[in-house]
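Here is my note on the model you asked me to look through. Have the sequence and the 3D view open while you read.

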Amino acid sequence: MLTEAKCSPGPGAGCIWPVWEIHPPHPGKAANRQRSTQAAAVMDRFRMLFQNLQSSSESVMNGICLLLAAVTVKMYSSFDFNCPCLARYNALYGLGLLLTPSLALFLCGLLVNRQSVVMVEEWRRPAGHRKKDLGIIRYMCSSVLQRALAAPMVWILLALLDGKCFVCAFSNSVDPEKFLDFANMTPSQVQLFLAKVPCKEDEMVKDSPARKAVSRYLRCLSQAIGWSITLLLIVVAFLARCLRPCFDQTVFLQRRYWSNYVDLEQKLFDETCCEHARDFAHRCVLHFFASMQSELRALGLHRGGIPESQELPEPPEDLDGGSGKAHLRAISSREQVDHLLSTWYSSKPPLDLAASPKLWRPGLNHRASIAAPGTKLCHQVDV
């Protein structure tokens, strides 16, 4: 900021000449600028993460498995456990609560996994020009089952480590001879007492040392089973991870490659079908408007004041400027589309690009564009 010159009157008086005053930036503006930069950086990281997830089906499936496992933990922590404490229904309630949610979570894991559908389609499709490899199907099945079993195993391990389900299910199966407090009871009284063990507030077993002993025994057994399963899973995963490099990786790499190929091929086919449907609908609509010109002229609804010879000509066949997708434009009727889809299902092309040069010419590459004669290629659209 430039200040004004100040001069004192009278002889020998001097002047104070203008100087530039430098003011520091406003602290609020600097803080806002810093927050904006940080927000942009965070958004860039999220965008990169989202693109990585989109490009990797395995990353998406692993993320879904972790999400289901977290939902399982939340469900179990918020569940209100109430054992019926009846000899007939204790085992049914305890085992049902242990296994039914696990089965539901397993089915949810299969439903959200896209590869399960791709695996079944690959298994049931006709052979056609491409033979089916059972090794690839087994690899895909193993991958799908491993991810689908994650959430059910979390539920079962939580239930076993907590012990309530196990105590409720097996309280009537305890051997009374292991506990001295049942020596003076009849067999019917023993069974009734054991059925009431999970209900510590019941008047019959309240403050009873026998109930505490039976409950402690069953809870310790449940936790021992839970920790044993956990240790077994960790050891199996460790051995599979460490011993895999010790063996020949050729078959494993081949099956993993072709399982990813089957998934990506179906995804690209779906995307190409969507692109063709959009282009086909666009051309149909434009042709409809073009065909209406002659009908409007017949009805005398053409633009007044302009001779018919000067009206706009009918649009050419290439109505959208020539996108270069000649292999998509060749399919231009409903019969052709139906035949294409039927052929894709019944007879997929062989996995040999050199075997069908006409089919796999450069123009049919999903990343290559073909310019129509006399048109200028403006952009390239990737499928």
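1. Ground rules. This is a predicted model, where local features need pLDDT of at least 70 and side-chain atom pairs count only at pLDDT 80 or more, while totals for chains, interfaces and linings use all residues. Residues are numbered from 1 along each chain as its sequence is written, and side-chain values use heavy atoms, with hydrogens and water left out.

2. Overall layout. The protein has 12 helices and two strands. Reading from the N terminus, the order is β-β-α-α-α-α-α-α-α-α-α-α-α-α. Both kinds of element are DSSP runs numbered from the N terminus: helices are H or I with at least four residues, strands are E with at least two. Of the 383 residues, 26% are buried. Here buried means under 20% relative accessible area, exposed means over 50%, and partly exposed is in between (1.4 Å probe, protein chains only).

3. The second largest pocket. How much space lies in the second largest pocket? About 970 Å³. A pocket is an open set of points on a 1 Å grid over the protein atoms alone, with protein on both sides within 12 Å along at least five of seven lines; a cavity is a set where a 1.4 Å probe fits but cannot get out, and lining residues have an atom within 4 Å of a point. Grid points are joined across faces, edges and corners, and the volume is the space filled by probe spheres set on the points.

4. Who lines that pocket. There are 25 lining residues, and Ser-143, Gln-146, Arg-147, Arg-241 and Arg-244 lie nearest the centre. Two or more residues each come from helix 2 (57-78), helix 5 (134-148), helix 6 (150-162), helix 9 (209-243) and helix 10 (250-298). Helix 5 gives the most, with six residues. By type, the lining has 12 nonpolar, seven polar and six charged residues. For this count, Ala, Val, Leu, Ile, Met, Phe, Trp, Tyr, Cys and Pro are nonpolar, Asp, Glu, Lys and Arg are charged, and the others, Gly among them, are polar.

5. The cavity. Searching the whole structure turns up one cavity of 30 Å³ or more, and the space in the largest cavity is about 30 Å³. Its lining is made of Met-61, Ile-64, Cys-65, Gly-109, Val-112, Asn-113, Val-144, Arg-147 and Ala-148. Sorted by type, that gives six nonpolar, two polar and one charged.

6. The whole structure has six salt bridges, each a side-chain nitrogen of Lys or Arg within 4 Å of a carboxyl oxygen of Asp or Glu. In one of them, Glu-265 meets Arg-130 at 2.8 Å, N to O. Glu-265 sits in helix 10 and Arg-130 in the loop between helix 4 (114-124) and helix 5, so the pair ties together parts 135 residues apart in sequence. Both Glu-265 and Arg-130 are buried.

7. Where does Asp-279 come in? Asp-279 pairs with Arg-283 (3.3 Å, N to O), and these two are about one helical turn from each other because they are four residues apart in helix 10. Arg-329 also forms a salt bridge with Asp-279 (3.4 Å, N to O). This second pair links distant parts of the chain, with Arg-329 in helix 11 (residues 326-329) and Asp-279 in helix 10, 50 residues apart. Shared partners join Asp-279, Arg-283 and Arg-329 into one network. Asp-279 and Arg-283 are buried, and Arg-329 is buried too.8. A nonpolar patch. Leu-231, Val-235, Phe-238, Leu-239, Leu-243 and Phe-247 form a nonpolar patch on the surface, with about 590 Å² of accessible area together. Patches use residues with over 30% relative accessible area and no salt bridge; like charges are joined within 9 Å, and nonpolar side chains (Val, Leu, Ile, Met, Phe, Trp, Tyr) within 5 Å. The areas come from the Shrake-Rupley method with a 1.4 Å probe, and for residues only the protein chains shown count as cover. Leu-231, in helix 9, is exposed at a relative accessible area of 55%.

8. Two backbone angles. Cys-85 has a phi near 60°, a positive value in a residue other than glycine. Cys-85 lies in the loop between helix 2 and helix 3 and is buried, with a relative accessible area of 2%. Asp-207 also has a positive phi, near 60°, and lies in the loop between helix 8 (187-195) and helix 9. Is Asp-207 buried or exposed? Asp-207 counts as exposed, at 65% relative accessibility.
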